[in-house]
Amino acid sequence: MKSFFEFKHRCFRKKNTFFESVTSTNDIAREYAENGEWGLCILAEEQTKGRGTHGRSWSTYKGKSIALSIVLHPDWIKDTSLLSIAAAKAVIRTLEKYNLNATLKFPNDVYLNEKKVCGILTEIFYSSEKVKYAILGIGININQEEFEDELKDIAISIKQVLGYEISREEFLAILLECLPLDILTF
């Protein structure tokens, strides 16, 4: 089996960019966006300062999670207010492939068994009141077996629900197939 960093699926016709450790995939995505790079999927094994909405932190478990950010061109965005919901819809459709019934906790979280399995952080950047670009950050708990004390009652992983480990590469491939459809048509 190839490693997560050898994953070659394309996102929006661009290749993925991998990092071993970053502060946040959204931070790296912003650097690429400022240089006019669109459609890239930034993936990291570890985020040292991953963040969610309202300044909350997002924990990434090295080798167990998926932390990704996608740089969206303004022409691809029909409604910025619906980006997080569209991404959540794509995650839910991916989880359905594993016979898991996930729910959306409006507007940007995905829940399994009443616990958070995925968080989404959408950041919109403007220039002269027009959308310059958007960054869609998605964190998914895939194969964690346990969480630190402050998260164990509110977070869950796919492995904890299924009872066995799944391939992050396979999950990511399915998700990236769902995302363009959901983002571009929502």
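These notebook entries record what I looked up in the predicted model above.

**Conventions.** I number residues from 1 along each chain as its sequence is written, and I work with heavy atoms for side-chain values, leaving out hydrogens and water.

**Entry 1: strand pairing.** I began with the strands, taking helices (H or I, at least four residues) and strands (E, at least two) as DSSP runs numbered from the N terminus. I count two strands as paired if DSSP finds at least two bridges between them. Strand 6 and strand 7 pair in the antiparallel sense, over four bridges. Strand 7 and strand 8 also run antiparallel, and 10 bridges join them. I then followed Cys 118 of strand 7: Val 110 stands opposite this residue, and in strand 8 its bridge partner is Ile 140.

Entry 2: Glu 129, in the loop between strand 7 (115-127) and strand 8, has phi near 65°. I noted Glu 129 as exposed, at 80% relative accessibility; my classes are buried under 20% relative accessible area, exposed over 50% and partly exposed in between, with a 1.4 Å probe and protein chains only. Asn 99 lies in the loop between helix 2 (83-96) and strand 5. Its phi is near 60°, a positive value in a residue other than glycine, and at 74% relative accessibility Asn 99 counts as exposed. I also recorded a cis peptide bond from Phe 106 to Pro 107, with omega near 0°. Pro 107 is in the loop between strand 5 (103-105) and strand 6 (109-112).

**Entry 3: the nonpolar cores.** I define a nonpolar core as a set of buried Ala, Val, Leu, Ile, Met, Phe, Trp, Tyr and Cys residues joined through side-chain atoms within 4.5 Å. The largest has 36 residues, and those with the most contacts inside it are Leu 95, Ile 138, Ile 140 and Ile 158. At least two residues of this core come from each of strand 3, strand 4 (65-72), helix 2, strand 6, strand 7, strand 8 and helix 4 (168-185). Helix 2 gives the most, with seven residues. Another core, of 11 residues, lies apart from it; Ile 42, Ala 44, Phe 125 and Ile 135 are among its members.

**Entry 4: contacts of Ile 138 and Ala 67.** I take contact as heavy atoms within 4.5 Å. Leaving aside neighbours within four places in sequence, Ile 138 is in contact with residues including Ala 67, Val 91, Cys 118 and Leu 179. Ala 67 is in strand 4 and is buried, with a relative accessible area of 0%. Its contacts, with the neighbours within four places in sequence left aside, include Thr 25, Ile 42, Ala 44 and Ile 138. I also checked Ala 67 against Asn 26: they are 41 residues apart in sequence and 9.5 Å apart in space, C-alpha to C-alpha.

**Entry 5: helix 2.** Helix 2 has 14 residues and reaches 20 Å from its first C-alpha to its last, close to the 20 Å expected at 1.5 Å a residue; the expected span is 1.5 Å times one less than the number of residues. I found helix 2 mostly covered, with 11 of its 14 residues buried. One of them is Thr 94, at 0% relative accessibility. Not counting residues up to four places away in sequence, Thr 94 touches Phe 171, Ile 174, Leu 175 and Cys 178.

**Entry 6: aromatic pairs.** I pair rings of Phe, Tyr and Trp (its six-membered ring) if their centres lie within 6.5 Å, with planes under 30 degrees apart counted as stacked, over 60 as edge-to-face and the rest as tilted. The structure holds three such pairs. The rings of Trp 38 and Tyr 133 have centres 6.2 Å apart and planes at 50°, so I logged this pair as tilted. Trp 38 is in the loop between helix 1 (25-34) and strand 3 (41-47) and Tyr 133 is in strand 8 (residues 130-141), so the pair ties together parts 95 residues apart in sequence. Tyr 133 is buried, with a relative accessible area of 0%. Trp 38, Phe 125 and Tyr 133 form one aromatic cluster.

Note on methods:
This is a predicted model: local features need pLDDT of at least 70, side-chain atom pairs count only at pLDDT 80 or more; totals for chains, interfaces and linings use all residues.
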